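Here is a friendly walk through one structure, with an eye on side-chain packing. Have the viewer open and follow along.

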Amino acid sequence: MTIRQRAGALAKLREIYFLLDRSEKRHLALLLGLMLLATVIEVIGVGSIYPLLQILATPEKFAEGATAAWLHRAGLSSTRDISLFLTAVFAVFLVLSNLLSVLVNNESAKFAWNNWRNVSIRAFRHYLQQPYPFFFSRN
């Protein structure tokens, strides 16, 4: 994308942002925050796959570390218990991440649909409120 295209894209985004009213701008900010949160959770989830696989592949090596000692003090006595616990935590995290993704997609679709409808209504209302001579030059 060239600088000129990028500047044109930013101008279009500013135009679209200008069309939104105050509540729609708040909803957009909330939606962007949810998207950011979903992205962070997704990155953490993907980043935790490799350490989890390492723990499952070599539990005796993990048992020597400080995290295993802390989990052992918390009541998880064997490496098998620790592995099951960490796998369950990962699975719960994955389910919550997917639920958040569904929520973000749902809110994004609702936002797009509602704003398309609202902008269309406002534009049509503005068009209908024009004085009668305006239509002579248009039709």
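Predicted model: local features only at pLDDT ≥ 70, side-chain atom pairs only at ≥ 80, totals over all residues.

## A charge over a ring

The charged end of Lys-25 sits over the ring of Tyr-17, 4.6 Å from the ring centre.

## Confidence in the model

The protein has an average pLDDT of 86, and 95% of its residues score at least 70. Among its elements, helix α2, residues 22–47, has the highest mean pLDDT at 91, while helix α1, residues 3–19, has the lowest at 78.

Helix α2 is 26 residues long and reaches 38 Å from its first C-alpha to its last, close to the 38 Å expected at 1.5 Å a residue. Which residues of this helix are buried? They are Glu-24, Leu-28, Leu-31, Leu-34, Ala-38, Ile-41 and Gly-45. In general, an α-helix has 3.6 residues a turn, so residues three or four places apart point the same way.

Leu-36 also has its place in α2, but Leu-36 counts as exposed because its relative accessibility is 57%, and the cut-off for exposed is over 50%. Its C-alpha is separated by 46 Å from that of Pro-131, which is 95 residues away along the chain.

Between α1 and α2 there is a loop, and Asp-21 lies in it. With a relative accessibility of 32%, Asp-21 counts as partly exposed. The C-alpha atoms of Asp-21 and Val-119 are 9.5 Å apart in space, although 98 residues separate the two in sequence.

## Two nonpolar cores

The largest nonpolar core is made of six residues: Ile-55, Phe-62, Ala-68, Leu-71, Leu-76 and Ile-82. Apart from it lies another core, of five residues, including Ala-38, Ile-41, Leu-100 and Val-104.

Asp-81 is found in helix α6, residues 79–128, and at 29% relative accessibility Asp-81 counts as partly exposed. Asp-81 and Lys-110 are 29 residues apart in sequence, with 43 Å between their C-alpha atoms.

## Aromatic pairs

A pair of aromatic rings is described by the distance of the centres and the angle of the planes. How many aromatic pairs are there? The count comes to five. In one of them, the rings of Tyr-127 and Phe-135 have their centres 5.1 Å apart and their planes at 90°; the pair is edge-to-face because that angle is over 60 degrees. Tyr-127 is partly exposed, with a relative accessible area of 34%. Ring pairs also link Tyr-127, Phe-134 and Phe-135 into a cluster.

Tyr-132 and Phe-136 form an edge-to-face pair too, at 4.9 Å centre to centre and 80° between the planes. Both lie in helix α7, residues 132–138, four residues apart, about one turn of the helix.

Notes:
Residues numbered from 1 in each chain as written. Heavy atoms only, no water. pLDDT = per-residue confidence, 0-100. Helix = DSSP H or I, 4+ residues; strand = E, 2+ residues; numbered from the N terminus. Core = buried A, V, L, I, M, F, W, Y, C linked by side-chain atoms within 4.5 Å. Buried < 20%, exposed > 50% of the residue type's maximum accessible area, 1.4 Å probe, protein only. Phe/Tyr/Trp six-rings, centres within 6.5 Å; stacked < 30°, edge-to-face > 60°. Lys NZ or Arg CZ within 6 Å of the ring centre and 35° of its normal. Expected span 1.5 Å × (residues − 1).
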